[in-house]
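Dear colleague,

I am handing over the structure below, together with notes on what was found in it. Please keep it open while you read.

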Amino acid sequence: MAVAEAGRDEPRFLGTVSPQGAALHKALAKLGKPASVMIVYEAGPSGYGVWRDLRALGYRCEVAAPSKIARAPGDRVKTDRRDALMLARLARSGGLVSVTVPDERDEALRDLSRARSDAVRARLKARQQLKALLLRHGHRYSGKSSWTLAHERYLAEVKFIHPAQNIAFTEYRSAVRDAHERVERFNDSLRAELETWRMRPVVEALMSLRGIDVVAAVTLAAELGDIRRFSHPRELMSFLGLVSSEHSSGNSRRLGAITKCGNGHARRVLVEAAWNYRFPARISRILQTRQESQPKSVRDIAWRAQLRLSKRYHRLLARQLPKNKVCVAIARELSGFVWDIARQVEPIA
């Protein structure tokens with residue numbers, strides 16, 4: 001802990017204290033009344049429990065974004081003491097950028113969404129392991145798509161010479177089946193929790209966009225929170241890390257790859273959704289069903305998104321740009337339409 005008094009005196013290091021329980025409260029009580037003290041700490045893996053406890057006691061508390069803290073290039077020494085003094089100094093001068101702390105319900109939906117993403121990665125790993133076993137022993141599926149009913153019938157007929165290999169194959173198939181069922185349980189849970197979530201109107205409005213289903217919309221709403229806090233689409237694009245890095249000086253302007261800063265979960269969802277705009281603009285039966293309950297302003301924005309992004313995709317592709325780069329460019333513009341739609345509806349109070 002370190003403290004910076006009002007004025008220009010150097011911050012003072014107070015010592016080390018546990019961030020939990022009575023020890024922290026006792027140390028803070030020595031600094032004065034809660035209303036006269038502002039506390040900052042870096043965001044980390046411990047979550048927002050300390051922030052909620054301190055706010056309940058009446059303290060002003062902010063969680064600083066570590067990636068936004070200015071550090072000298074030549075500063076190669078990092079200790080807890082130095083970090084505490086630096087945070088106190090920057091907090092007094094207003095040099096910290098605070099993260100938006102979600103409420104407990106929003107954080108719970110975000111945890112559920114991220115758990116589903118982990119389950120999807122585990123299913124992918126299990127499928128790769130099963131396919132690797134088949135490939136090593138010359139079993140190649142001649143169908144068009146894997147993990148369909150036809151593919152499952154093919155797997156049921158696969159046999160190996162040695163009993164040990166049959167056991168390994170059966171265990172791999174069981175792991176794939178269990179992983180798939182786990183993902184489906186997460187999907188059902190997300191849909192059930194959505195019914196009583198305050199962000200449901202925003203989720204349903206985002207589903208009017210092509211390529212964004214209920215899982216993708218819940219992920220965006222849970223990761224981004226109240227999108228109205230972004231005053232301009234460029235702020236959202238920057239938050240998602242979808243803007244180009246830049247190193248310019250004088251008349252020279254050099255643009256590089258996207259920054260990839262900010263929220264990677266929401267960025268991944270948008271990039272996946274952007275692939276759908278390689279097809280011509282049209283309203284499918286499923287998309288029409290999603291849009292039936294939405295106001296005309298939301299439907300108009302979703303249609304403008306299709307017209308612009310589909311045309312934009314083919315224009316960029318005609319310039320011989322790599323498809324992945326084209327898709328990221330479409331995802332950046334798609335985030336602008338997400339911003340516009342999210343501002344047309346109000347979360348449930």
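Is Phe239 buried, exposed or partly exposed? With a relative accessible area of 26%, Phe239 is partly exposed, where buried means under 20% relative accessible area, exposed over 50%, and partly exposed in between, with a 1.4 Å probe and protein chains only.

Please bear in mind that this is a predicted model, in which local features need pLDDT of at least 70 and side-chain atom pairs count only at pLDDT 80 or more, while totals for chains, interfaces and linings use all residues. Residues are numbered from 1 along each chain as its sequence is written, and side-chain values use heavy atoms, with hydrogens and water left out.

**The chain as a whole**

The secondary structure of the protein chain comes to 13 helices and 6 strands, taken as DSSP runs (H or I of at least four residues for helices, E of at least two for strands) and numbered from the N terminus. Its C-alpha atoms fill a box of roughly 75 × 55 × 50 Å along the principal axes, and of its 349 residues 37% count as buried. Among contacts (heavy atoms within 4.5 Å) with a separation of 6 or more, 63% are between residues 24 or more positions apart.

The buried residues of H8, among them Val214, Thr219 and Glu223, pack against H4, helix H6 (163-194), helix H7 (200-206), H9 and helix H10 (264-274). H8 is followed by Gly225, whose phi is positive, near 70°.

The structure holds 3 aromatic pairs, where rings of Phe, Tyr and Trp (its six-membered ring) pair if their centres lie within 6.5 Å, and planes under 30 degrees apart count as stacked, over 60 as edge-to-face and the rest as tilted. One of them is the tilted pair of Phe230 and Phe239, at 5.4 Å centre to centre and with 50° between the planes. Phe230 is buried, with a relative accessible area of 6%, whereas Phe239 is partly exposed.

**The two pockets**

A pocket is an open set of points on a 1 Å grid over the protein atoms alone, where a 1.4 Å probe fits, with protein on both sides within 12 Å along at least five of seven lines; lining residues have an atom within 4 Å of a point. Grid points are joined across faces, edges and corners, and a volume is the space filled by probe spheres set on the points.

The largest pocket has a volume of about 1,300 Å³ and is lined by 41 residues, of which Met1, Ala2, Ile39, Val40 and Tyr41 lie nearest its centre. Helix H3 gives the largest share of this lining, with 8 residues.

The second largest pocket holds about 940 Å³ of space, and of its 33 lining residues the closest to its centre are Tyr48, Val99, Thr100, Phe239 and Asn263. Phe239 of the tilted pair is thus found again here, and H8 supplies the largest share of the lining, 4 residues.

**A residue of H3**

Asp83 lies in helix H3 (residues 80-93) and, at 11% relative accessibility, counts as buried. Leaving aside neighbours within four places in sequence, Asp83 is in contact with Arg71 and Lys78.

With kind regards
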